[in-house]
Structure formats: structure tokens, C-alpha cells
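Good morning, everyone, and thank you for making time for this. I would like to walk through one model with you, so please take a moment with the sequence and the picture before I go on.

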Amino acid sequence: MANKEKGYLALVLHAHLPFIRHPEYEDFLEEDWFFEAMCETYIPLLDIYERLTAEGTDFRVTMSITPPLCNMMADDLLRERFRRYYSLRLELAEKEVIRNRNTGFYEVAKMYETKFRRIRELYEDYYHGRILDGFKKFQDMGKLEIITCGATHGFLPLELRKEAVHAQIKLAADDYRKHFGRGPRGIWLAECAYNPGDDVFLKAQGIRYFFLETHGIIYGSPRPRYGVYAPVYCPSGVAAFGRDMESAQQVWSAETGYPGDHRYREFYRDLGYDLEYDYVKPYLHQDGVRRNIGMKYCKITGKVGLNEKAPYNPAEAREVAASHAGNFMFNRERQIEHLNGFLGRKPVVVSMYDAELYGHWWYEGVDFLEFLFKKIHHDQKSIKMVTPSEYLGIHPDNQVVQPSMSTWGDKGYNEVWLNGTNDWMYRHLHKQVERMVELANKFPNADGALRRALNQCAREVVLGMSSDWAFLMTVGTAKNYSTKRFVAHTHRFNGLYEQIMGNRLEEGFLKDIEWRDNIFPEMNYRVFSTEEAEKAARS
Amino acid sequence: MTSSGQIKKNNTAPEAEHKALPESYGATEAALLPRDPNWMFIYWEITENSKKNTRSRHGQDVFEKGRQVIRVYDMTGITDGGAPTKYFDIAVMLEAKSWYVNVQEAGRAYCCEVGLVMPDGSFVGLVKTNTVNLPGGRVSDVTDEKWMAVTADFDKLLQLSGVEYIGKGSGEVAKSLAQRWEMLRAVFSRASSFGVSSMSSQNLQKPEQPKKFWLVADCELILYGATEPDAFVTVSGRKVNLNPDGTFSMRFALPDGIVDLPIKALSKDETDSREIYIKVTRATNTDGK
């Protein structure tokens, strides 16, 4: 009875953070982004995959784990610092259980204690500090499909040189192979930013599919027969899956989305501000400034001031998450049945989200996913969950369409990454790429210190290419940090470039930035050569 | 402590990071980038040496006599070596070094050339960009015999695909959280600040009940300029943050009426200053249908 389903649901989570690692500081604020996402999203996702598997609940999910994130997860220094991070949280959570014994916050205090103990258990006992092995395990079981992303989440439509596009894709594919033991089948183009023609560079790495925002498909040419409910093949033969907006809106929407339910946890009320200063101080950064520490005791409650928020009730919130999962599934069943009748073909509904939405922003989002997987497995027959690879195996017959340039950013094109707050970056970035290509072409077989310098140049260029810097300038959060990062990588590159061209390499300078910017330990600068890019384009 | 390096307690000195970025790279070049179906961004650099060459070829006063423009060529269908026939000019100052270029027709290929239009109508090109293919921003007219759907079905399909949500992407969650934060702050402090906004986005909405034919239009104001990177600049009395290369730009909502924009720059040592006063008038007339 395998063919009873009316259509498919592909759930895609995009997990990404920029490469943030500062060995030059003992304690660095922005590194918390990674530690928070580890505690709130990445490890909790592994937790539900473990539980579902143990219970015998089958599930399918596609996750990008971007190369910067892989590099951070595998980095010794950040692994050490993450241990320090969760150990401190656990210590505080244990104190808090005692302090809150007879208060309305006892349940939520218990919740954090349990949570951080489980994080320790998973991180240490299950994965021995190597959480990529955890993700790999579920990929090898066929339940999770891990996809890659541009090497540093580079925004490809604003690159002038094909060498840069090739380098972003090739470095990513190599890094994926190193961590997961085989080549990537799919890719998440950073910001879903697609520039027609770039797909040939995906094909060259054996990548079979990528994802697009809705209008990338429906503005494609010729008209796509099934809209976003079937993938299309680019002229290169790489498949493009389009985002379903109905399921996206159901979760995202500011007015009606699930995360705004008043029984869910309030993000903006945090123990970092609530606790007595001397008591919380050991858990703040070294500068002693009160900041969010990720432990929050209140629910959204309603449209009231932060000081009027009611205590969070974990059991109540879990029930709400279960009912939201039921609602989401019900809507997908109706949607898929309707599309099936209308299209005369089993539709594939592709629901794409930022992974960090689940757990980090929407605290109960991970519970929601667990309930959703269970309900889809046990309670219905019209939806079958698939990965894009599975879908292409079942339905290799798809229309050839040239998708349109598009992104998933505000207004649908490149403006988020190209506006008055960040347009000044591009002349510097393009110059670096041009110089990097020049270096790669000029030195086909460098060795020794020159080779190290050229590899470091390539690291600095790709770090500067992260779409995150332009994004953060636009939204205005961490604008100083992102500007500093972009400027620093530019200086480091230009410094090395001048030393190389002037034949006066300074070992101390090189060593210092190798130590700071250690992403892609296996970097081979030749990835930027014109020859390599042309070979890839011809493949 | 780890293979990736020791934690050096004393090595927290900022390195070269505080230095401003290079102001120029000593090469005459220009690049064109796609922003959306109707907008592109161009940046350029023209060296003194190039200017000297231009003067010696076209006369010492060529920069004074010529009108400084960006010439925007329509390159659609033009293959290597072919000459474009369609173009238009945008007046600029060469010192602006970058510009947002608006084109009426989406879905076409464009290339720009910064140069001078001489009194006799001839054009002296200074630097040319790459070619950019802009997206069409709408449903394709091309259909596919093998995969054809009837038109009415296709319209329905567009609706089902969520055509109404186009452009409401990942910013959404960040935005809704930010809004909630603003709400909380407002409840808390009763304070709200509305200042010079660099991102006033007014979305053009299709009329709620679409008639057969419709038109919406609006306009915004983009102010930009450049000065010494360490200068203190104000627009309408508010401090403006300069980009590391000394350029700045702002986008304003532009309602009907008169907008005054006094722009002041003060040198770092506070010994020198410059002022530019811009007055913009907008009047909108609709035929009321």
C-alpha cells in the first residue's frame, strides 16, 4: 500500500552562522551566537532525531549545514569554549532550581536544568564533542539529507568573476566530503540568491539540486507547468525546487504565525537582566555588562510590558506546540489533496526555513517539529515526507525551465545586500577577487611559505565574501562588528598581497592571521585559478 | 591549549583593523551590479593618469566643457563586438564614484559607460562596465508545448504558488521580532523615535479589488555624497554616518510638498566646512479614475 499518498512534503532547514572565532580574545561576545544556536537549535534537533529513531518513527528532513558552521563545529578552540559555555549554564540552572523551589518559576527552572544536562549528555557521551558525527549518523540512516552551501555563504549574484563563484562551490563541496564522507547531492545557495547560469558550477561538483524562492520558479522561462509544486531542470540539468509560500507564511507571518502564541516563551525577558547582579555576574561576559544569557522564565503573556509577563509553563507550551503541529499537518493535507486534484500529479510542497528559527527564536519550534514528524508518521496517509533526492528518484521527469534571478530577501532581489548601508563594500571585495585570481594564475605550483601565504589570501577573500556582513549592515544589528570584520579581512588580504607581489613575506604577519582565520585548513588557493573555473564551466 | 592556537592573554591589541579602506586602487575601472528588475548599481574609479590622457586627446578643457554622464546602453541581443543602438544618459558628477541606475525596461541586458557629452553632441567615454542581465520580474510569455497549461489554470496556479507573497522573504521573522521589540519598548517607555530613516520602504500595493487596468506609482528620494572619510557630516541637522571611503547615501520618503535638505560637512580639525543646500518639491496629480 505504498502508493496511497497524494503528494510529498519536503522540509528544509537552513542552518548557518558566519564564521566567528576570535582566539585573540579569551572571551568574545559574538561567539555566543554559535553557542546559543548549539544549545537551542542544533543539539535539540539531534535530540529529537535520536528520540524519533529510538521510537521507530520514520521521518525525513533536509538540512543545510553551511561550511562556516561545519568549520566552527569541528574547531578545537570553539569546542572547548562551548564546553565552558554549557557548563556555566548548567551550573546556574542547578542553583536556580534550588532558589526557585517554592516559586512560580520552579517548573521552568527545572526545565533548564534538564535541558542543559541533556545537552551535556548528547555532546559528550553520544558524540564525544563531534556533533557533525551526529548529523552524519542520521544522514547515513537515510532520514536526514545534509546539503552544503557556498563556502562562506557568499552572495553569488553580486560577484563579477566566475572564478569566485566556482571557488565558493568547490571549497564547499570539498569541505562537505571531508566531514560527511561523500559528495553533496544538494546545495542551499546563500540567501537563495540565484544568478542564471551559476548552476553549471553546481553541476561540476556533482550537485543535483538547489532551492529557490517562489518567484525564481514562477518567473522562469518557459512558464513552469506545475508552478512551485514540481522541481524544474535548469538548462544545465541541475534541478531547482521552489519554496511553498503557504506553509512558509503559516509559520513566519507576524500576525498569524505560530511563534507569537501568548503561551510560548518570551524571548526578550532574560535572566541576564532579571537576576541580582552579583549572582548573575559569573555568567556574563568578562566586561560584566548585563546581556541575554539564553535563560528566560516568562511567557509572551499578551500585549503587556516586559515587567508584567507571567511565568512560563513548559507543559502548557508543549501542548500548544502539539496543537500547532496538528494544525500545520491538517493544512498540508488539505493543500496537497487540493493540488493533487488541480495539477493531476503528486505535488511536492517544499517548506523552507532558517533552522535557527526553531529553538532559538521560536523556543518551542523544535517540539513542534517533533510532533509534526510523529503526526505525519502515525496520523495520516495523504502526505509522504521526502528528501529532494528521493523525489528526483521517484519523479525524474521534470520540465526544463530557466529560473529567474531571485533571492529570499526583502523585495525578492538583491537590495538587502546592495543598498546605501553596504554598497561601499563591493569595490573592495571585487578588487580582492581580481587580485586573488591574478595570484592563483601567476603561481601555479607555489610551495613553502609562499604557498601558505597564497592559501591564507584565499581564506581572507572567502571570509570577506560572506553575505552576512552586508545583511547585518542592512538590518543594523551588529553593524559595527560586521563592518570591522569586512575591513579586517580586506586589510589582511591586501597586506599579504603586497608582501607576495613585493617578494617580502613577513612570517610573523602570516602566522598571526593563519592563527586568527583558520577556516578551511585544507585550503588550496588554486581553486581561484581561471583554468579551474573554466574547466568546471565546461564539464 | 588547542591545535588551532594558544589563547594569548596579551594579544588583544587591535591590528590594522582601524585603518580606513583604500580610497582608490590606482586603476581606471567600473563595475555594474544588478539590484532588482529596474535598478542597478554602478561604481567607478578614474585615475588622474586617465584624465590626463583624455585631456591630451580631447583638449585641456574637456572636463569643463563636457557634461558628465553615465551612458546606459541596452545590450539585449548584442553579441561580442556588436554596437548597441539604444542608450540614455544620466547626469552625474565623476566624484560621486557610484550611482544607482534606474531603467524602465526590466528583463534586459545593460552596460554603462561613464563619460562626457561634448557641446557638439559627441561622446568621450572614460570607463565602461561589464554587462548585467536584469531579471524580468514577471511571468514569462514563453510557453512550452510539452508542458502547456491553459491560461486560466496558470493564473490559478500562480495564486496557489503564493504570487502575492513575492518579496516577503526571510527578513520577515527578524522584522516581526524587531516590531515586537519596538512594541515592548513603546509600552515600557512611551518613547519612540522617528528620525531620518535610511530604509523607508513604502511598498506599492495593488488596489484591493483589482480592476481590469490599474496604475500605482510613488517616488522616493535618494541623497548621496562624499567627503573626507573623517569629516563630520549632518543632513537636516542630524549626524550622518560615513562609509569608510567617505561616501554617504540616504533614502527618504518623499511626500508632496517641499523638503529642505541642508547638508553640512566639517573637517576633522574643525577648521574647514562646506555646505550644500538642496530643496526638493514634489507635487502629485492623479486623474482620479
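**Chain B, then chain A**

Among the contacts in chain B between residues at least 6 apart in sequence, 59% join residues at least 24 apart, where two residues are in contact if their C-beta atoms, placed from the backbone, lie within 7 Å. Residues are numbered from 1 along each chain as its sequence is written, and chains are lettered from A and ligands numbered from 1 in the order in which they are written.

For the complex, the predictor gives an ipTM of 0.95 and a pTM of 0.85. Chain B averages a pLDDT of 78, with 75% of its residues scoring at least 70; pLDDT is the predictor's confidence in each residue, from 0 to 100. Chain B has four helices and 13 strands, and these are DSSP runs, helices being H or I of at least four residues and strands E of at least two, numbered from the N terminus. Where pLDDT is low, the predicted coordinates should not be read in detail.

How is chain B divided into domains? There is a domain 1 (29–133) and a domain 2 (193–289), with bounds that come from an automatic or database domain assignment. Their contact takes five residues from domain 1 of chain B and four residues from domain 2 of chain B.

Turning to chain A, its domain 1 is written in pieces (2–88 + 127–262 + 318–411), and its domain 2 covers 418–538. The centres of these two domains of chain A, taken over C-alpha atoms, are separated by 28 Å, and 31 residues of domain 1 of chain A are in contact with 27 residues of domain 2 of chain A. On the side of domain 1 of chain A that touches domain 2 of chain A, α2 (67–74), α6 (162–180) and α7 (199–204) of chain A each supply at least two residues, and α6(A) gives the most, with 10 residues.

Definitions and conventions: Predicted model: local features only at pLDDT ≥ 70, side-chain atom pairs only at ≥ 80, totals over all residues.
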